Amino acid sequence: MTNSDILRRLRYAFDMSEGEMAAIYAHTGTRIPRETVTCWLFQDQDPAFVPCMDKEMARFLNGLIIDRRGAREDGPAPETRLTNNAILLKLKIALNLRADEVLELLALAGMSLGKSELTAFFRRPDHRHFRRCNDQVLRNFLTGLQHRLRPSIPQGEKEIPGEDPWASARKRC
């Protein structure tokens with residue numbers, strides 16, 4: 001999964017506007033214009049699409065942690081390289097989830113995973129029981145989160161039918 005895919009899914013799950021997403025970046029001391037966030041959210045084939053790099057994704061996730069859990073004096077520096085394991089861990093921290101709650105979210109998306117398999121994702125990479133989190137696990141976690149936070153909208157349906165809501169934003173990118 002690309003960082004832009006993850007941002008799009010998080011935006012939908014939390015029902016955030018581009019302005020709210022830019023405000024989350026501000027929690028980390030970084031000013032990201034709303035228009036830049038909009039360009040990251042376009043589909044990959046769109047000519048106005050700009051890929052979201054790992055450092056910006058790490059800042060967003062750190063800002064989400066601060067937004068949901070409060071600021072700490074020794075806040076983390078944004079990583080320059082993100083893995084699915086780090087993304088899953090940051091989302092788990094931001095949402096204050098226990099292992100059984102993460103497993104419930106995965107089950108909502110139709111994925112069954114054991115607790116020991118899940119905890120292997122959160123171990124240090126040099127630990128002998130460490131396991132890389134693949135795209136399928138992260139995708140199912142985000143799908144389960146979407147089902148939990150927005151159960152009323154069936155997957156695949158648009159909220160508001162009609163013209164393209166991104167048309168005016170494409171002109172600015």
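**Close-up views of an all-helix predicted model**

Of the 173 residues of the protein, 40% count as buried (under 20% relative accessible area; exposed is over 50% and partly exposed in between, with a 1.4 Å probe and protein chains only). This is a predicted model, in which local features need pLDDT of at least 70, side-chain atom pairs count only at pLDDT 80 or more, and totals for chains, interfaces and linings use all residues. Residues are numbered from 1 along each chain as its sequence is written, and side-chain values use heavy atoms, with hydrogens and water left out.

**Figure 1. Overall helical pattern of the protein.** The secondary structure comes to nine helices and zero strands. Helices (H or I, at least four residues) and strands (E, at least two) are DSSP runs, numbered from the N terminus. Along the sequence the pattern reads α-α-α-α-α-α-α-α-α. Among contacts (heavy atoms within 4.5 Å) with a separation of 6 or more, 67% are between residues 24 or more positions apart.

**Figure 2. The largest nonpolar core.** A nonpolar core is a set of buried Ala, Val, Leu, Ile, Met, Phe, Trp, Tyr and Cys residues joined through side-chain atoms within 4.5 Å. The largest one has 44 residues, of which L7, L10, F60 and F141 touch the most other members. At least two residues of this core come from each of α1 (3-14), α2, α3, α4 (54-69), α5 (84-94), α6 (99-108), α7 (115-121) and α8 (135-149). Helix α4 gives the most, with six residues. In soluble globular proteins, nonpolar side chains tend to be buried together.

**Figure 3. Surroundings of L7.** L7 is one of the residues that touch the most other members of the largest nonpolar core. With its neighbours within four places in sequence left aside, L7 is in contact with M21, Y25, W40, L41, C52, M57 and F60. F60 is also among the core residues that touch the most other members.

**Figure 4. Packing of α2 against α3.** Two packed helices are described by the angle between their axes and the distance between the axes. Axes are lines fitted to C-alpha atoms, for helices over the stretch in contact, and angles run from 0 to 180 degrees between N-to-C directions. For α2 (residues 18-26) and α3 (residues 34-41), the angle is about 110° and the axes are 9 Å apart. The two helices are therefore roughly perpendicular to each other; angles of 65 to 115 degrees count as such, those under 35 as roughly parallel, those over 145 as roughly antiparallel and the rest as oblique. The crossing of α2 past α3 is right-handed, and a crossing is given this hand if the near helix is turned clockwise from the far one by less than a right angle, left-handed if anticlockwise. Helix α2 contributes E18, G19, M21, A22 and Y25 to the contact, and α3 contributes R34, V37, T38, W40 and L41. By class, this contact has six nonpolar, two polar and two charged residues. Ala, Val, Leu, Ile, Met, Phe, Trp, Tyr, Cys and Pro count as nonpolar, Asp, Glu, Lys and Arg as charged, and the others, Gly among them, as polar.

**Figure 5. E20 in helix α2.** E20 lies in α2 and, at 41% relative accessibility, counts as partly exposed.

**Figure 6. Packing of α4 against α5.** The axes of α4 and α5 come within 8 Å and cross at roughly 15°. These helices are therefore roughly parallel to each other. Their crossing is left-handed. On the α4 side the contact is made by L61, N62, L64, I65, R68 and R69, and on the α5 side by I87, K90, L91, I93 and A94. Seven nonpolar, one polar and three charged residues make up this contact.

**Figure 7. Two loop residues with positive phi.** Most residues other than glycine have a negative phi, and most peptide bonds are trans. D15, in the loop between α1 and α2, has a positive phi of about 55° although it is not a glycine. N96 likewise has a positive phi of about 55° without being a glycine. N96 is placed in the loop between α5 and α6 and counts as exposed, at 53% relative accessibility.

Figure 8. T80 is in the loop between α4 and α5 and is exposed, with a relative accessible area of 62%. Its C-alpha atom is separated by 9.9 Å from that of R59, 21 residues apart along the chain. S112 is found in the loop between α6 and α7 and counts as exposed at 69% relative accessibility. The C-alpha atoms of S112 and V137, 25 residues apart along the chain, are 9.8 Å from each other.
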